[in-house]
Amino acid sequence: MARGDHIKVSRFGRLYTHHGIDMGDGTVVHFAGEPLRPRGARVVRSEMATFLAGGNARVVRYRGAGRSAEAVVAAAEAQLSAGD
């Protein structure tokens, strides 16, 4: 995994997959809230271990040219600011 990667981890016996952005410093920007209930969810920055909650991270791969890692990180950080 690397800075700007879109990562995911299975939760609750693969009931759903939780997604986030690897910030490259041991943290992940992701939605936090009650599982399967989007109302009240917010964008947070958490330690990688907290995000993983015992699961294994997998990188989501995309075909073709995507945004640069810096653009992805900047967009994730903007979402943190938007919640203030």
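## Before we start

Because the model is predicted, local features need a pLDDT of at least 70 and side-chain atom pairs count only at pLDDT 80 or more, while totals for chains, interfaces and linings use all residues. Residues are numbered from 1 along each chain as its sequence is written, and side-chain values use heavy atoms, with hydrogens and water left out.

## The overall build

Let's begin with the big picture. The protein has two helices and five strands; helices (H or I, at least four residues) and strands (E, at least two) are DSSP runs, numbered from the N terminus.

How much of the protein is buried? Of its 84 residues, 30% count as buried, where buried means under 20% relative accessible area, exposed means over 50%, and partly exposed is in between (1.4 Å probe, protein chains only). The protein exposes about 5800 Å², and carbon and sulfur atoms supply 50% of that. These areas come from the Shrake-Rupley method with a 1.4 Å probe; for residues, only the protein chains shown count as cover. As for contacts (heavy atoms within 4.5 Å), take those with a separation of 6 or more: residues 24 or more positions apart account for 41% of them.

## The largest pocket

The largest pocket has a volume of about 340 Å³. Of the 16 residues lining this pocket, Gly 4, Tyr 62, Gly 66, Arg 67 and Val 72 are the closest to its centre. On a 1 Å grid over the protein atoms alone, a pocket is an open set of points where a 1.4 Å probe fits, with protein on both sides within 12 Å along at least five of seven lines, and lining residues have an atom within 4 Å of a point. Grid points are joined across faces, edges and corners, and the volume is the space filled by probe spheres set on them.

Which element gives the largest share of the lining? That's helix H2 (residues 69–82), with four residues. Sorted by class, the lining has eight nonpolar, four polar and four charged residues. Here Ala, Val, Leu, Ile, Met, Phe, Trp, Tyr, Cys and Pro count as nonpolar, Asp, Glu, Lys and Arg as charged, and the others, Gly among them, as polar.

Is Val 28 buried or exposed? Val 28 sits in strand S3 and counts as buried, because its relative accessibility is 0%. Leaving out residues up to four places away in sequence, Val 28 touches a list that includes Ile 7, Ile 21, Val 44, Met 48 and Phe 51. Its C-alpha atom is 9.3 Å from that of Ala 76, 48 residues apart along the chain.

Ala 32 also belongs to S3 (residues 27–32), but Ala 32 is partly exposed, since its relative accessible area is 24%. Ala 32 and Val 43 are eleven residues apart along the chain, and their C-alpha atoms are separated by 6.1 Å.

## Out in the loops

Ala 53 is in the loop between helix H1 (48–52) and strand S5 (58–59), and it counts as exposed because its relative accessibility is 56%. Most residues other than glycine have a negative phi. Ala 53, though not a glycine, has a positive phi of about 45 degrees.

Gly 54 is in the loop between H1 and S5 and, at 80% relative accessibility, counts as exposed. Arg 61, in the loop between S5 and H2, is exposed at 68%.
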